[in-house]
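Here is a quick tour of a protein model, region by region. Keep the structure open beside the text and click along as you read.

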Amino acid sequence: MKPLWQQYIQIINQVVKPALGCTEPIAAAYAAAVARTLLPIEPESIAVQVSDNLYKNSMGVYVPGTGKIGLAIAAAAGALAGNAEAGLEVLANVTPEQVTKAQTLIDAGKVKVERTETDEFIYCCVTLTAGEQEAMVKICGGHTLIAEKRLNGELVFTADSAQAKATGSICDGIDINIESIYRFAQEVPFEEIQFILKASELNSKLSDEGMSKPYGLEVGRTMKNGIAAGIIGEDLLNKIVMLTAAASDARMGGANLPAMSNLGSGNQGIAATIPVVITAQCYKVSEEKLARALIMSHLGAIYIKSHYPPLSAFCGNTVTSAAASMAMVYLAGGSFEQSCYAIQNVISDSSGMVCDGAKASCAMKVSTSSSAAVRSFLMALSSQNVSGQGIIAKDVEKTIKNIGKMVLNGMSSTDVTIINIMSE
């Protein structure tokens with residue numbers, strides 16, 4: 001296999017992985033679980049310090065297995081019941097009794113959560129105290145990237161610069177663009193990418209869960225009721241929006257099922273997966289072609305998002321759905337040029353969507369971007385595309401760079417304003 005293709009597969013394996021619950025509070029749970037492995041006895045108190053963006057994305061989302069919201073319960077559950085070996089699935093086996101014990105610690109005022117000044121978008125430092133013993137774990141640059149461990153003030157682990165590298169820069173130094181991703185997805189041997197079908201399995205189970213039970217705002221179930229009442233039809237667009245939103249409903253509502261995440265986001269993993277799976281069913285394609293489309297969608301999303309910070313005021317579902325739309329064109333038998341049209345169209349449609357934290361209403365944003373993906377791929381198949389308008393350049397690579405500039409240079413003050421509003 002070509003060395004470049006091996007690099008692409010390595011990127012995917014690094015940041016497309018199962019995650020149980022929203023990855024921001026889960027980062028705190030993971031740090032706490034790792035810190036607990038350093039202590040000889042259970043902690044008596046927990047201190048959590050996080051970056052503004054991690055704080056923002058933890059304020060309104062349920063922590064799986066707990067039925068509760070926020071960083072305090074995530075950290076306490078991680079410290080008392082987390083599996084440090086399970087990464088983003090750290091809370092998979094938490095029991096009601098352990099949740100009660102964690103809540104007791106919180107109610108006693110023994111769990112403190114603070115925002116801290118840092119240049120890192122993803123930053124979490126958890127300190128556990130038990131008698132005279134103290135364990136500290138610091139995560140920096142990625143949701144499970146441990147930068148430092150200390151026991152009683154003594155350094156027991158520090159990451160080298162390569163390990164501490166932020167996931168937002170994962171494509172740095174690699175020859176990658178939309179065309180190379182498209183060709184790779186088409187030509188790489190199927191057995192090398194068959195693993196991506198796990199995304200279809202996991203995220204489809206979440207969708208089924210969201211359709212069968214009342215999670216969050218029930219966006220998916222509300223659409224199902226609308227179909228049953230004859231208000232809307234069960235066409236391809238509405239089916240994709242309904243089932244994609246349902247998966248997000250379940251995820252943000254605390255379902256005890258993992259999502260296949262994309263670059264640290266479960267919702268974006270869902271947005272990169274479910275529309276592609278439903279489109280594949282519509283066109284009755286083979287399992288191999290579905291796998292190639294999922295690779296195109298997930299890797300395309302990673303590449304576009306590598307142009308700006310991993311957490312920001314920009315809702316990443318927009319560009320994730322743009323990559324999904326590219327894959328949908330491929331499934332429908334469209335050309336590479338038309339796939340580029342699809343990306344342009346989605347970004348033009350929904351790039352104004354801001355991120356104001358992880359919460360139940362994220363299912364609405366997932367539905368918005370997924371709806372744009374369907375419209376955009378249908379327009380692209382008719383060779384209709386936005387070009388040279390607003391931030392949309394005539395060339396898709398220039399458009400992607402423009403998105404990066406907009407987020408990095410233009411939305412930093414927006415991010416601060418949103419966080420301040422939420423904190424009030």
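Predicted model: local features only at pLDDT ≥ 70, side-chain atom pairs only at ≥ 80, totals over all residues.

## Helix 9 and its buried side

Helix 9 spans residues 219-228, and its buried residues are Val219, Gly220, Met223, Gly226 and Ile227. They share one side of helix 9 because they cover an arc of only 115° around the axis, the arc being that of the directions from the helix axis to the C-beta atoms. As a rule, an α-helix has 3.6 residues a turn, so residues three or four places apart point the same way. Buried here means under 20% relative accessible area, exposed means over 50%, and partly exposed is in between (1.4 Å probe, protein chains only). Helices (H or I, at least four residues) and strands (E, at least two) are DSSP runs, numbered from the N terminus.

What sits over those buried residues? The cover includes helix 8 (197-212), helix 10 (236-252) and helix 15 (362-381). After helix 9 comes glycine 230, with a positive phi near 80°.

## Where the numbers come from

Residues are numbered from 1 along each chain as its sequence is written, and side-chain values use heavy atoms, with hydrogens and water left out.

Strand 6 (residues 123-130) pairs with strand 7 in the antiparallel sense over 8 bridges; two strands pair if DSSP finds at least two bridges between them. Look across from cysteine 125 and you'll see lysine 138 in strand 7. The hairpin made by strand 6 and strand 7 has 2 residues between the strands, and glycine 131 in the turn has a positive phi of about 60°.

Strand 7 also runs antiparallel to strand 8, joined by 5 bridges. Methionine 136 faces arginine 150 in strand 8. This hairpin of strand 7 and strand 8 leaves 5 residues between them, and its turn holds glycine 141, with a positive phi of about 90°.

## Histidine 143 in the loop

Histidine 143 is in the loop between strand 7 (133-140) and strand 8 (146-151). Is histidine 143 buried or exposed? It counts as buried because its relative accessible area is 9%.

The side chain of histidine 143 makes a polar contact of 2.4 Å with the side chain of glutamate 24, and another of 3.5 Å with that of threonine 23. A polar contact is a pair of N or O atoms within 3.5 Å; within protein, one must be able to donate a hydrogen and the other to accept it, and residues adjacent in sequence count only if both atoms are side-chain atoms. Setting aside residues up to four places away in sequence, histidine 143 also touches other residues, including Tyr30, Leu88 and Gly264. Contact means heavy atoms within 4.5 Å.

## The nonpolar cores

The largest nonpolar core has 62 residues, and Ile176, Ile178, Phe184, Val276, Leu299 and Ile343 touch the most other members. Helix 12 (residues 287-305) gives the largest share of this core, 10 residues. A nonpolar core is a set of buried Ala, Val, Leu, Ile, Met, Phe, Trp, Tyr and Cys residues joined through side-chain atoms within 4.5 Å.

Not counting residues up to four places away in sequence, leucine 299 touches Tyr8, Ile11, Ile12, Ile176, Ile181 and Phe184. A second, separate core of 42 residues includes Ala28, Ala31, Val48 and Val111.
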